[in-house]
Amino acid sequence: MTSSSSSLSYDELINNSDHETCGFEVGCNAKRKRFPFKFLQCFATPKYALGFLCLASLGQGFVTSGLLSVVISTLEKRFHLQSTETGFIASSYDIASFLSVLFITYIGGRGHKPLWIGWGIFLLGLGSLVFTLPHFLAPTYSFGVVEHNVCNATTSNTECTVSGLRYYMSFFIIAQLLHGAGGTTLFSLGVTYLDENVPQAHSSLYHGIYFACSVLGPAFGFLLGGRFLKTYTDITTSVSITEDSSLWIGAWWFGFLIGGIVIIVMSFPILMFPKQLPGTAGLRVNRETEMHQDKMAIQVASDNSFGHRLGDVWRSVVLLMRNPTYLMVSLAISFDAGLVLSLTTFGPKYLESMFGVTPTEAALYFGVLAILAGASGQLIGGVVVTKAKLTVSGMLKFCALSSAVAACTTAIFTKTCSDTKFAGGTVPYPKNMNATLSPYNHTSSCNAGCRCDTDAYDPICGKDGITYYSPCFAGCTSHTNAHGTEVYSNCSCIASNIATAVQGKCNNQTCHSLPLFLAIFFIAIFATFLPGTPAIQAILRVVPFTQRSFAIGIKFVFVRLVGSIPGPIIFGKVLDLACVVWSTECGNRGSCELYKNENLASHMATLIAVLKLLVTFLLVTAWLVYKPPPESALDAVDQVSFTRTIGDNNFGLPTAHGAGGGIGEVVRQRITNTKYDFVSYKTLREEIDTDI
């Protein structure tokens, strides 16, 4: 509702059939044409809107976070890509989101939000289909002859030569750009569409459910993506190798194909939702009662024409930058986002190194924790705000307390386990005990003549309980296959009476604190996600109502600049300081394969503790600098006449968008069977929020 006068009747104030009918719209501005589908009108309710948005957010998380994380290493192998190139592919999502979010939230925030969201979801699905194109366009994968990395048999790494397959990277980048631009609408305009179509008292509950579903998407992507990779990339071909072979390429594309089709189908119901849900216009009245008090914000709130001029973009930015509560909460959300993304990236690797679990087990633990702790934290946070009827001050205190609890749980990261025995990395080679340990040089007197290639990282476990970089670096000269397990023998670096080894790392750790770690880490994740919904609610309430979508957009910019883009980079750099074994790519330093657990624990604990304490400080500061509106005359009166005072609006009932005396009529008709003869305005406001 863009404008109203005090003479508007209740029906005029509440009903606007042009914007409340389900249908399909084509064109834009004056040339747009809407085709109403009245038989779909039964779906135009907040619960159905929430349901369809939840399904879309599940699909978004499934494709862009879950599946992509699972198939990255497969893409590197299939298309001869380097880690820096796949890193750029992953970052393309954030780049597109960063570049498009302000345009989407400023223009789309005043437009037909379901149309923007629906077409965004369509782009998201289209991006998933584009992601599969290299599978169909590239030459059919052929794994050739199986080679064994034994002494004097190591071949040069052909992946270091320029391959035509690398040019297919452009499809992945384009797909990720579509993902980023399309997915942005879901968590910006989708949030405000729900907020403005439900009573303010129920908004946090809807958001809690919505954000909980967004957490479930990546978890399902991790679980199903792993299953897809167990199927050979050419699903119509039977091959002689198994998934344990280094030459195996799984069906990385299958999840994107199915996900893309489902997401595109999901876009059409959302496109048909009305601009505003029927009977909800009154819910957008008087929604600025907790706005942070600032002279410019008050002027904007009372200016019905604000936002329709191009010059208002800069004023909108200045308005939000002048709001210290908004700034502090946005920064807190951004640092938390960077922390969550970093833990998602490096958490499984931490479990592998510290507790000696397999990559599959580590991914499973994190998937379960994300589903149970992350989703329940988001949901319960929304329920608390709704049931406790928290004000902005209450929400900020709740967020600060939750963050402080999460900060305390970082102490569990100081718990360390013994290091894996790795020849040349954590222990000397058995036949060269005086050699200096090195994270790069794995050559010793026992393998000096083997011409080993450090690009071929293929760890084996010797009978002596020590892990070796590869069969070649263990000095092994022969191999056999016993019941599906590669066994290497005549290994010159292992004592002659036990000079054999099997494929894979040794699991010689005796640490039994994994259950305790997972229990405390569950609390940490829960406490980190718990303030997610209240924080978003605080952002929505402290800014002018017309600026809510743009406020979410600016928050997205903060999240990208401060959190999701630099966060994993900083975490990776800090954790690399604890690395004791590096692999190589084309002779250059590649990824870390083993950490020194004591250093890994101290670096992880310090970094997480600093971030959580910083988030807590920002939230406490946001609470201290928040300036709520002064109590109105009605707030200060305990008993007022409902019939004469409220109906006539004699006490100047606060209004939004110039609704004026029409509010009295809204109150009168919304509470038709009131049990009050004399009530306070606060009581009436609670009744409206609860009953509408």
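Trainee: Which rings do the ring pairs link into a cluster?
Mentor: The cluster takes in Phe-79, Phe-131, Tyr-168, Phe-171, Phe-172, Trp-252 and Phe-256, joined up by ring pairs. Keep in mind that this is a predicted model.

Trainee: And how many aromatic pairs does the count come to?
Mentor: The count comes to 30 aromatic pairs. One of them is Phe-79 with Tyr-168, a tilted pair with 6.2 Å from centre to centre and 50 degrees between the planes.

Trainee: Where do Phe-79 and Tyr-168 sit in the chain?
Mentor: Phe-79 belongs to helix α2 (residues 46-79), while Tyr-168 is in the loop between α4 (113-137) and α5 (169-186). They are 89 residues apart, so this pair links distant parts of the chain.

Trainee: Is Phe-79 buried or exposed?
Mentor: Buried, because its relative accessibility is 1% and the cut-off for buried is under 20%. Tyr-168 is buried as well, with a relative accessible area of 16%.

Trainee: What about Trp-253 and Phe-254, what kind of aromatic pair do they form?
Mentor: Trp-253 and Phe-254 make an edge-to-face pair, with centres 5.7 Å apart and 80 degrees between the planes. Trp-253 counts as buried at 4% relative accessibility, whereas Phe-254, at 28%, counts as partly exposed.

Trainee: New topic: how many disulfides does a search of the whole structure find?
Mentor: The search turns up 6 disulfides. As a reminder, a disulfide is a covalent bond between the sulfur atoms of two cysteines.

Trainee: Let's go through some. How far apart are the sulfur atoms of Cys-446 and Cys-493?
Mentor: The sulfur atoms of Cys-446 and Cys-493 are 1.9 Å apart. The two cysteines come from distant parts of the chain, 47 residues apart: Cys-446 is in the loop between α13 (392-408) and β3 (460-462), and Cys-493 is in the loop between β6 (485-489) and β7 (501-503).

Trainee: Are Cys-446 and Cys-493 buried or exposed?
Mentor: Cys-446 and Cys-493 are both buried.

Trainee: Which cysteine does a disulfide join to Cys-452?
Mentor: Cys-452 is joined to Cys-472, with 2.0 Å from S to S. This one links distant parts of the chain too: Cys-452 is in the loop between α13 and β3, Cys-472 is in the loop between β4 (467-468) and β5 (478-482), and they are 20 residues apart.

Trainee: Why is the disulfide of Cys-452 and Cys-472 left-handed?
Mentor: Because the torsion about the S-S bond of Cys-452 and Cys-472 is about -90 degrees. Also, Cys-472 is buried, with a relative accessible area of 0%.

Trainee: And the link of Cys-579 and Cys-592, is that right-handed or left-handed?
Mentor: The link of Cys-579 and Cys-592 is right-handed, with 105 degrees about the S-S bond. Here the pair connects two strands: Cys-579 is in β8 (residues 579-585) and Cys-592 in β9 (residues 588-595), 13 residues apart. Both Cys-579 and Cys-592 are buried. Cys-213, though, is in no disulfide; its nearest cysteine sulfur belongs to Cys-54, 3.4 Å away.

Trainee: What does Cys-408 count as, buried or exposed?
Mentor: Cys-408 counts as exposed, at 60% relative accessibility.

Trainee: OK, the surface now. Which residues make the nonpolar patch?
Mentor: Phe-220, Leu-223, Leu-224, Leu-364, Val-368 and Leu-372 make a nonpolar surface patch of about 490 Å². Helices α7 (200-228) and α12 (359-388) each give at least two residues to the patch.

Trainee: Where is the place of Leu-364?
Mentor: Leu-364 is in helix α12, and at 44% relative accessibility Leu-364 counts as partly exposed.

Trainee: Last one, on the backbone: what is the phi of Arg-451?
Mentor: Arg-451 has a positive phi of about 50 degrees, although Arg-451 is not a glycine. Arg-451 is in the loop between α13 and β3 and is exposed, with a relative accessible area of 61%. Asn-490, also not a glycine, has a positive phi of about 55 degrees, and Asn-490 lies in the loop between β6 and β7.

How values were computed: Residues are numbered from 1 along each chain as its sequence is written. This is a predicted model: local features need pLDDT of at least 70, side-chain atom pairs count only at pLDDT 80 or more; totals for chains, interfaces and linings use all residues. Side-chain values use heavy atoms; hydrogens and water are left out. A disulfide is a pair of cysteine sulfur atoms within 2.5 Å. Helices (H or I, at least four residues) and strands (E, at least two) are DSSP runs, numbered from the N terminus. Buried means under 20% relative accessible area, exposed over 50%, partly exposed in between (1.4 Å probe, protein chains only). Rings of Phe, Tyr and Trp (its six-membered ring) pair if their centres lie within 6.5 Å; planes under 30 degrees apart count as stacked, over 60 as edge-to-face and the rest as tilted. Patches are made of residues with over 30% relative accessible area and no salt bridge: like charges are joined within 9 Å, nonpolar side chains (Val, Leu, Ile, Met, Phe, Trp, Tyr) within 5 Å. Accessible areas come from the Shrake-Rupley method with a 1.4 Å probe; for residues, only the protein chains shown count as cover. A salt bridge is a side-chain nitrogen of Lys or Arg within 4 Å of a carboxyl oxygen of Asp or Glu.
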